[in-house]
Amino acid sequence: MNFVLVYIESLEILDFFSRFISAFKTDNKTLIVATTKISVLINAKKRKIPCQIIKKNLSLICPKEKITKSKEYQCGFLTFSEARILYSSGYNFISNFCKTKFIWGIFFFNGYSLIEESFKDFAELNNIKKAFFEISNISGKMFIDKKGVNAKSELFENINILNRYKIDDAYYQKWLSNYLEFKKNQKTIPQQFQRQKYLNKLFILDLISLTVLNIPTNSNYNLFIKLKNYFNKINIRIESEKVNLQNEKYLFHALQVNCDSQVVMNSNITNLDAIKLSNKIALSKGVLHLVKFHPAETDPYFIQSVFALKKELQFKVVNDNSFELIKNAEIVTTINSTIALEAKILGKKVELFGRSFYNSLTKANIPKYILGHLINIDFFSTNVIDYEIYKDIKSRIN
């Protein structure tokens, strides 16, 4: 039996990859889930999806640099020792699994966690196919690559991959017209609904199982800290200012979630550094400096730090519709957010402070990226993945 292995640590991602089951079955393949979360195991079993728990194992010592550069360690989610155990546990899991079963491929969502890093390292040594998935921020489409997402992707290495696609201009203009109309009427982003849908009621069970079942820690499980952060967030009011976007000249800086993978792994600067850089640009251009928090930001200490910096630099914190902020801006800055793509679609001047293939997107290749390179999968849908789409994914990772 040929298996497609996926590491899953949230019910949201379990929902997504379960939509491939029918396509896998048609291709004589079986989805199997690896996880460190009992909540994922319980929900997978309810759906009759094969699922195994990764147990703690320190028989492999990985390079120190791999740990210190990991998201979990850099964000303070794990100590060095905990991060080393996590990587080792992941590597030993997949190594032992492959002694009795054949893994045709590994599907990754984002792919930046230490366990996924261990799976990727094992796959490269054993010629196992890999597919990395990421939300593209273009409705109904996803980014998929055989090497990684954003700055880790094959596309980042060679933007000329886009030249393989031939897109009719009339087709793109029709898409663009529909896109602009959709963005004009969009009030909230899908992620805001998803966060309410996937509140994990089994968090306490995940916490207890760490000790009982000898599972490696994969994030900050300190219940006291989580509750403290939650109540601090409630008490922090993000006060935004009103600006007449049509009448003012301004620079719009889009913040990313403070511990977002793209910020931590694909940038040499922090969100606060980026605000300072964008402020210098705004001053040099003689325009207002507008800053917007990411709607998924929950770090109360980061929010406080931004407002402390605001007193020093005198920028304005706004909460207008991001599309309107982009549409009326003189210049848009960000570290490597998908906001950069939206701004480029609108023909805006964009400054990125981090690593991203968005830097290489132009008026000529944007249609090829959107209508050729991105895959027609709506992450927020519940529809099964069409077999033809799955075949397209297979062709890209062969």
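Asn150 lies in the loop between strand 6 and helix 8 (154-157), where helices (H or I, at least four residues) and strands (E, at least two) are DSSP runs numbered from the N terminus. The model is predicted: local features need pLDDT of at least 70, side-chain atom pairs count only at pLDDT 80 or more, and totals for chains, interfaces and linings use all residues. Residues are numbered from 1 along each chain as its sequence is written, and side-chain values use heavy atoms, with hydrogens and water left out.

**Two asparagines with positive phi**

- Most residues other than glycine have a negative phi.
- Asn150, although not a glycine, has a positive phi of about 50°.
- At 2% relative accessibility, Asn150 counts as buried (under 20% relative accessible area; exposed is over 50%, partly exposed in between; 1.4 Å probe, protein chains only).
- Asn110 is likewise not a glycine and has a positive phi of about 80°.
- The loop between strand 4 and helix 7 (114-125) holds Asn110, which counts as buried at 19% relative accessibility.

**Helix 19**

- The buried residues of helix 19 (residues 387-397) are Tyr390, Ile393, Lys394, Arg396 and Ile397.
- These residues lie on the same side of helix 19 because they cover an arc of only 165° around the axis, taken from the directions from the helix axis to the C-beta atoms.
- Among the elements that cover them are helix 2 (21-26), strand 2 (29-35), strand 5 (129-135) and helix 18 (366-373), with contact meaning heavy atoms within 4.5 Å.
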